[in-house]
Amino acid sequence: MPRLGEAASQAKRPETAPNLGLKLNLPCWLMLSFRSRRNNQVWRDPAVVAEYARAADLQPAERTVLALLEPALASMDMLDIGVGGGRTALHFAHRMRLYVGIDYSPEMIAACRARLAPARNYRLCGVRRQGARLFFGR
């Protein structure tokens, strides 16, 4: 089985991609716009979505956080930014008082909802625009 993120790194780069090396020959906003569109293409790719929907293991740091906070999780709220296929949601969502998972890829949100209890709160949104407002009501 490929490692997590392997499909994303192997996704085809468009032939018309500008030079994204150290030379900044394009305005920064144009380069950021290209990167944002490219990221969107990668995270919507069916192979990438399938790979993230299969992943289940926590990383060492995540296991540590879970172990340290376990006694208090039932009284805590959690905003999972970039929930993807729900890898961390498998371990945290059922333990939290409130768990909200957000992602800007509709395909990732669909995979997460299909994998986990539909009663949980998984939303399509980008953090730049509305993530904190969704969670904190501001």
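Analyst: A patch is made of residues with over 30% relative accessible area and no salt bridge, like charges being joined within 9 Å and nonpolar side chains (Val, Leu, Ile, Met, Phe, Trp, Tyr) within 5 Å. This is a predicted model, where local features need pLDDT of at least 70 and side-chain atom pairs pLDDT 80 or more, while totals for chains, interfaces and linings use all residues. Residues are numbered from 1 along each chain as its sequence is written, and side-chain values use heavy atoms, without hydrogens and water.

User: What makes the nonpolar surface patch of about 270 Å²?

Analyst: Val 65, Leu 68 and Leu 69 make that patch. Take Leu 69, in helix α4 (residues 60–69) (helices are DSSP runs of H or I, at least four residues; strands are E, at least two; numbering starts at the N terminus). Its relative accessibility is 33%, so Leu 69 counts as partly exposed (buried is under 20%, exposed over 50%, partly exposed in between, with a 1.4 Å probe and protein chains only).

User: Why is Ile 102 called buried?

Analyst: Ile 102 has 0% relative accessibility, so it falls under the 20% limit. Ile 102 lies in strand β2 (residues 98–103). Ile 102 is also one of the residues in contact with Val 83 (heavy atoms within 4.5 Å). Others touching Val 83, neighbours within four places aside, include Ala 89, Tyr 99, Ile 109, Cys 112 and Tyr 122.

User: Which residues touch the most other members of the largest nonpolar core?

Analyst: Val 83, Ala 89, Phe 92, Tyr 99 and Tyr 122 do, out of 13 residues. Helices α5 (89–92) and α6 each give this core at least two residues. A separate core has 6 residues, among them Val 42, Val 48, Val 49 and Ala 111. Both get the name from a set of buried Ala, Val, Leu, Ile, Met, Phe, Trp, Tyr and Cys residues joined through side-chain atoms within 4.5 Å.

User: How do you know that the buried residues of helix α6 sit on the same side?

Analyst: Helix α6 (residues 106–115) has Met 108, Ile 109, Ala 111 and Cys 112 buried. They cover an arc of only 160 degrees around the axis, so they share one side of α6.

User: Why does the pair Glu 107 and Arg 44 count as a salt bridge?

Analyst: Their side chains meet at 2.9 Å, N to O, and the rule asks for a side-chain nitrogen of Lys or Arg within 4 Å of a carboxyl oxygen of Asp or Glu. Glu 107 is in helix α6 and Arg 44 in helix α2 (residues 28–44), so the bridge ties together parts 63 residues apart in sequence. Glu 107, at 28%, is partly exposed, and Arg 44 is partly exposed at 37%.

User: What makes Arg 87 buried, and which residue is its salt-bridge partner?

Analyst: At 15% relative accessibility, Arg 87 is under the 20% limit, so it counts as buried. The partner is Glu 62, with the closest N and O atoms 2.7 Å apart. Arg 87 lies in the loop between β1 (77–81) and α5, and Glu 62 in helix α4, so the pair joins parts 25 residues apart in sequence.

User: Why is Arg 97 called exposed?

Analyst: Its relative accessibility is 55%, so Arg 97 is over the 50% limit. Arg 97 still forms a salt bridge with Asp 77, the closest N and O atoms being 2.8 Å apart. Arg 97 sits in the loop between α5 and β2 and Asp 77 in strand β1, 20 residues apart. Asp 77, at 34%, counts as partly exposed. A search of the whole structure turns up 4 salt bridges.

Methods. Arc of directions from axis to C-beta. Areas by Shrake-Rupley, 256 points an atom, 1.4 Å probe, with all protein chains shown as cover.
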